[in-house]
Amino acid sequence: MNKQEYIEELSRLLRKLPKEDREDIISDYEEHFAIGLGKGRSEEEISRALGNPKNVAKQIKADHMVKIAENKPSVGGIIEAILAAMGLGLFNLIFVTVPVLIVAAIILTLFVAGFAMILAGIYWVLSPLLHLILPQIALPQLVGSNESFWNILVILGGGIGLTAGGIILIVAMAYITKWFYELMIKYLKLNLRIIKGRKRDF
């Protein structure tokens, strides 16, 4: 593949990138060819050294998506960055997808647990009132009889405790999620650097 074919193919594969970014990238690769030609290498040799345009484009797109996710944090952004990184090969499919899915599942589970604690706490706090309105709704029996003063007091205290615990858990998970997001960006960037390796000297 000569220079023109390589540049045209790479430009076509990067057509969805912003025009300014695409032009900068193409300019860099044209410079690679210029440097290589200046050292007496053929266009075909330089093309082979640069790598298949499809693989190069995948790496560039992954880089681009990671930068977007880093500069404009969002769930959609990080998902697109992860998917782009996954497309770079089996290594990424395993070492990016598996850790992300495991941690995401844990975070989601803890968020659900936090909301469940809040709902349970609210129900416990309101249960004495609900019992007065609808006697068929039984009170939890924690201390003595279910309608005793101490039992109701424990129910109210437990409900407040559950609600507070749920709120604390959700707030904590929000911070952990933010930290995980930043860690994931760093991991993806490191992953891409490993895949690209050192830039070749043309």
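This is a predicted model: local features need pLDDT of at least 70, side-chain atom pairs count only at pLDDT 80 or more; totals for chains, interfaces and linings use all residues.
**Entry: the chain as a whole**

I went through the secondary structure and found eight helices and zero strands. Read from the N terminus, the order of elements is α-α-α-α-α-α-α-α. I then looked up burial: of the 202 residues in the chain, 31% are buried.

**Entry: α1 against α2**

I took the pair of α1 and helix α2, the latter spanning residues 19–38. Their axes come within 10 Å and cross at roughly 160 degrees. An angle over 145 degrees counts as roughly antiparallel, so α1 is roughly antiparallel to α2. I have the crossing of α1 and α2 down as right-handed.

Next I listed the residues that meet. On the α1 side they are Lys 3, Tyr 6, Ile 7, Leu 10 and Ser 11. On the α2 side I found Arg 22, Ile 26, Tyr 29, Glu 30 and Phe 33. By class, I get six nonpolar, one polar and three charged residues for the contact of α1 with α2.

**Entry: α1 against α4**

I moved on to helix α1 (residues 3–13) and helix α4 (residues 53–71), whose axes come within 9 Å. The crossing angle of these two is roughly 40 degrees, and α1 and α4 are therefore oblique to each other. I checked the hand of the crossing of α1 and α4, and it is right-handed.

From α1, the contact uses Tyr 6, Glu 9, Leu 10 and Leu 13. From α4, I noted Pro 53, Lys 54, Val 56, Ala 57, Ile 60 and Lys 61. The residues in the contact of α1 with α4 come out as seven nonpolar, no polar and three charged. Tyr 6 and Leu 10 are on this list, and I had already written both down for the contact with α2.

**Entry: α2 against α3**

I looked up how α2 and α3 pack: the angle is about 130 degrees and the axes are 10 Å apart. That makes α2 oblique to α3. The crossing of α2 and α3 is right-handed.

The α2 residues in the contact are Tyr 29, His 32, Phe 33, Gly 36 and Leu 37. The α3 residues are Glu 43, Ile 46, Ser 47 and Leu 50. I sorted the contact of α2 with α3 into five nonpolar, three polar and one charged.

**Entry: Ser 47**

Is Ser 47 buried or exposed? The residue lies in helix α3, residues 43–50. Its relative accessibility is 5%, so I count Ser 47 as buried. Leaving aside neighbours within four places in sequence, I find Ser 47 in contact with Met 1, Asn 2, Tyr 6 and Phe 33. Of these, Tyr 6 is in the α1 list and Phe 33 in the α2 list for the contact of α1 with α2.

**Entry: His 64**

Which residues does His 64 touch, not counting those up to four places away in sequence? I found Leu 17, Pro 18 and Asp 21. His 64 is in helix α4. I recorded a relative accessible area of 17% for His 64; the cut-off for buried is under 20%, so His 64 is buried.

Note on methods: Residues are numbered from 1 along each chain as its sequence is written. Side-chain values use heavy atoms; hydrogens and water are left out. Axes are lines fitted to C-alpha atoms, for helices over the stretch in contact, and angles run from 0 to 180 degrees between N-to-C directions. Helices (H or I, at least four residues) and strands (E, at least two) are DSSP runs, numbered from the N terminus. Angles under 35 degrees count as roughly parallel, over 145 as roughly antiparallel, 65 to 115 as roughly perpendicular and the rest as oblique. A crossing is left-handed if the near helix is turned anticlockwise from the far one by less than a right angle, and right-handed if clockwise. Contact means heavy atoms within 4.5 Å. Ala, Val, Leu, Ile, Met, Phe, Trp, Tyr, Cys and Pro count as nonpolar, Asp, Glu, Lys and Arg as charged, and the others, Gly among them, as polar. Buried means under 20% relative accessible area, exposed over 50%, partly exposed in between (1.4 Å probe, protein chains only).
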